[in-house]
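This report describes selected strands, helices and side-chain contacts of one protein model. Please keep the sequence and the coordinates at hand while reading.

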Amino acid sequence: MVMRPADLADGDPAAGGAILRLGFRPPDDRVSGFEIIDLATLHERRRRRGRRPDLVHRVDFHTLTLITEGNGEHAIDFVTYPCRPGTVLWVRPGQVQRFVRPGTANGTHLLFTPAFPPHASSADRLVKEWYGPACRQLGASPEYAVLSTLLGQMRAEYDRPAQTVSAEILQLLLATVLLHIDRLPHPEGGGDPHAGGEVYRRFRAELERGYTTTRRAADYAHRLGYTVKTLTRACTAATGQPVKHVIDARVALEAQRLLAHTDEPVATIARRLGFVEPTNFGKFFTRHTGMTPGTFRQAHQGA
């Protein structure tokens, strides 16, 4: 993954105005929209380009990592996950991540665009959803063995002579991997997005498009042709929380990202997220995080 100026879609992070955003730019475009490498190779690329190993960034594509040896730590949206053999990390487009402590962790690292999985499979739905568990700890379970075998088959296909590599085989193998991960038990307390059905899926897609312009449940219900009661029922089934809580949690997450990883003034962040008055944003943020914007920023940027 080559990091070029064109990849900085959110602006110039050197100026503190945005979170570094990386586009899909593999150095060897063997298969359009897909790459598979060792995690150690990714770290080596960064070292050669003078990038810090704990670089905070977003990506415009999916990354899926199976740790097979060593240990380390990886942070995804303010949650730090221990990495050890059997750890599966699935980072989705737009999520903010960094290798807190790369350590000795190594494994298989997939990079793929949302358009790569076959559209006729259920995996296509999975890659279009921005939400879902970011980490699974499989240990030495049979599920780990299955995933390791599937990824080994993908690596063997990807490493064939360029003219003989089959994108279709890789697409089908990737769909199998994603569907296998999707049927794993959901982490305790993480909810089950599938329990909300089509209503929840459509609502989350609309929320991702509109969270900076409205926080009113009635607006989302009107846009989607549902009642607020229907949205609340779907959100409660999927997350255990009513629709208003889900909306506010999405806004609060983006606020945390911008406060922790940029130097934008609080008033600017407030306007970005649809707050006319910075004081209202401050009250909202404190209510949802237990900290003022300034205190939150100081704690995370100081760390």
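Which residue in β8 is the bridge partner of His57? The partner of His57 is Gln97, and the pair belongs to the join between strand β3 (residues 57-59) and strand β8 (residues 96-101), which run antiparallel and are linked by two bridges. The model is a predicted one, and every value below is computed from it.

**Strands**

Strands β3 and β8 are members of an open sheet of five strands, whose order is β1-β3-β8-β5-β6 and whose pairing is mixed. At the edges of this sheet stand β1 (21-22) and β6 (79-83); each has a single partner strand, so one side of each is left without a neighbour in the sheet.

Strand β4, which spans residues 62-69, is mostly covered, with six of its eight residues buried. This strand pairs in the antiparallel sense with strand β9 (residues 106-112) over seven bridges, and within that pairing Thr63 stands opposite Leu111 of β9. Strand β4 also pairs with strand β7 (residues 87-91), again in the antiparallel sense, over four bridges, and here Leu66 has Val88 in β7 as its bridge partner. The antiparallel pairings described so far are set out in the table.

| Strand | Partner strand | Bridges | Bridge partners |
|---|---|---|---|
| β3 (residues 57-59) | β8 (residues 96-101) | two bridges | His57 and Gln97 |

**Helix packing**

Two packed helices are described by the angle between their axes and the distance between the axes. For helix α5 (residues 197-210) and helix α7 (residues 228-239), the axes come within 9 Å and cross at roughly 95 degrees, which makes α5 roughly perpendicular to α7. On the α5 side the contact is formed by Val199, Tyr200 and Phe203, which meet Thr230, Leu231, Ala234, Cys235, Ala238 and Thr239 of α7. Sorted by class, this contact of α5 with α7 contains seven nonpolar and two polar residues, and no charged ones.

**Individual residues**

How far is Arg250 buried or exposed in terms of relative accessible area? Arg250, found in helix α8 (residues 243-261), has a relative accessible area of 3% and therefore counts as buried, since the cut-off for burial is under 20%. The side chain of Arg250 is joined to that of Glu208 by a polar contact of 2.8 Å.

Asp124 has its place in helix α2 (residues 123-128) and is likewise buried, because its relative accessible area is 9% and thus under 20%. A polar contact of 3.2 Å joins the side chain of Asp124 to that of His119. Leaving aside residues up to four places away in sequence, Asp124 touches Pro114, Pro117, Pro118 and His119.

Leu179, by contrast, lies in helix α4 (residues 167-182) and counts as partly exposed at 34% relative accessibility. With residues up to four places away in sequence not counted, Leu179 touches Ser122, Ala123 and Leu126. The C-alpha atoms of Leu179 and Ser122 are 7.5 Å apart in space, although the two residues are 57 residues apart in sequence.

How values were computed:
Residues numbered from 1 in each chain as written. Predicted model: local features only at pLDDT ≥ 70, side-chain atom pairs only at ≥ 80, totals over all residues. Heavy atoms only, no water. Buried < 20%, exposed > 50% of the residue type's maximum accessible area, 1.4 Å probe, protein only. Polar contact = N/O pair within 3.5 Å; in protein donor to acceptor, adjacent residues only side chain to side chain. Axes fitted to C-alpha atoms, helices over the stretch in contact; angles between N-to-C directions. Parallel < 35°, antiparallel > 145°, perpendicular 65-115°, else oblique. Contact = heavy atoms within 4.5 Å. Nonpolar A, V, L, I, M, F, W, Y, C, P; charged D, E, K, R; others polar. Pairing = 2+ DSSP bridges.
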